[in-house]
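Colleague: I have the file open and would like to go through it with you. Could you keep the cut-offs to hand as we talk?

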Amino acid sequence: MTTEPQRFKILLVPEHVEDRGDASVEDSAVRSAVVEATGETGASGYPRYAGDGIVADIDPSTRTVEAVLVDGAELDYGLNATVAS
């Protein structure tokens, strides 16, 4: 049995959002998706998660997105992928 999380919520947030005022990171996201463990390991060496058009390799211990594809393509410049807290 694995102790790794089986699900994460990924947020795609524009880099240029510097001062969100009272808005949370989640409110500033241009897209979000719930991704679930696939049981595979990605090219980055971390577990792969997929869902809602997003495939991500996530380090479950640090909750860091190590690699991500959005609708089968690399993430556009100016966007950051992060795990919702």
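Colleague: Let's start with E36: is it buried, partly exposed or exposed?

Modeller: E36 counts as partly exposed, at 39% relative accessibility; buried means under 20% relative accessible area, exposed over 50%, and partly exposed in between, with a 1.4 Å probe and protein chains only. Please keep in mind that this is a predicted model, in which local features need pLDDT of at least 70 and side-chain atom pairs count only at pLDDT 80 or more, while totals for chains, interfaces and linings use all residues. Residues are numbered from 1 along each chain as its sequence is written, and side-chain values use heavy atoms, with hydrogens and water left out.

Colleague: Which residue does E36 form a salt bridge with?

Modeller: The partner of E36 is R7, with the closest N and O atoms 3.2 Å apart; a salt bridge here is a side-chain nitrogen of Lys or Arg within 4 Å of a carboxyl oxygen of Asp or Glu. E36 lies in strand 2 (residues 31-41) and R7 in strand 1, so the pair ties together parts that are 29 residues apart in sequence. Strands (E, at least two residues) and helices (H or I, at least four) are DSSP runs numbered from the N terminus. R7 itself counts as exposed, at 53% relative accessibility.

Colleague: How many salt bridges does the structure hold?

Modeller: There are four, and one of them joins D71 to R31, with the closest N and O atoms 2.8 Å apart. Since D71 lies in the loop between strand 5 and strand 6 and R31 in strand 2, this pair ties together parts that are 40 residues apart in sequence. E26 and K9 also meet through their side chains in a salt bridge, at 2.4 Å from N to O, and that pair links distant parts of the chain, with E26 in helix 1 (residues 25-28) and K9 in strand 1, 17 residues apart.

Colleague: Changing topic, what is the strand order in the sheet?

Modeller: The open sheet of seven strands has the order 6-5-4-3-2-1-7, with antiparallel pairing, where two strands pair if DSSP finds at least two bridges between them. Strand 6 (73-74) and strand 7 (79-83) are the edge strands, each pairing on one side only. Strand 7 pairs with strand 1 over five bridges, and I10 stands opposite V83 in strand 7.

Colleague: And strand 4, is it mostly covered or mostly open?

Modeller: Strand 4 is mostly covered, since five of its six residues are buried. Four bridges join strand 4 to strand 3 (residues 47-51) in the antiparallel sense, and six join strand 4 to strand 5 (residues 64-70), also antiparallel. Strands 3 and 4 form a hairpin with two residues between them, and D52 in the turn has a positive phi of about 55 degrees.

Colleague: Where does D57 sit, and what is its accessibility?

Modeller: D57 is in strand 4 (residues 54-59) and counts as buried at 3% relative accessibility. The bridge partner of R48 in strand 4 is D57. Leaving aside neighbours within four places in sequence, the contacts of D57 (heavy atoms within 4.5 Å) include Y46, R48, T64 and E66.

Colleague: Last one: which residues does Q6 contact?

Modeller: With neighbours within four places in sequence left aside, Q6 is in contact with V35, E36, A37 and Y49. Q6 lies in the segment before strand 1 (7-14) and is partly exposed, with a relative accessible area of 45%.
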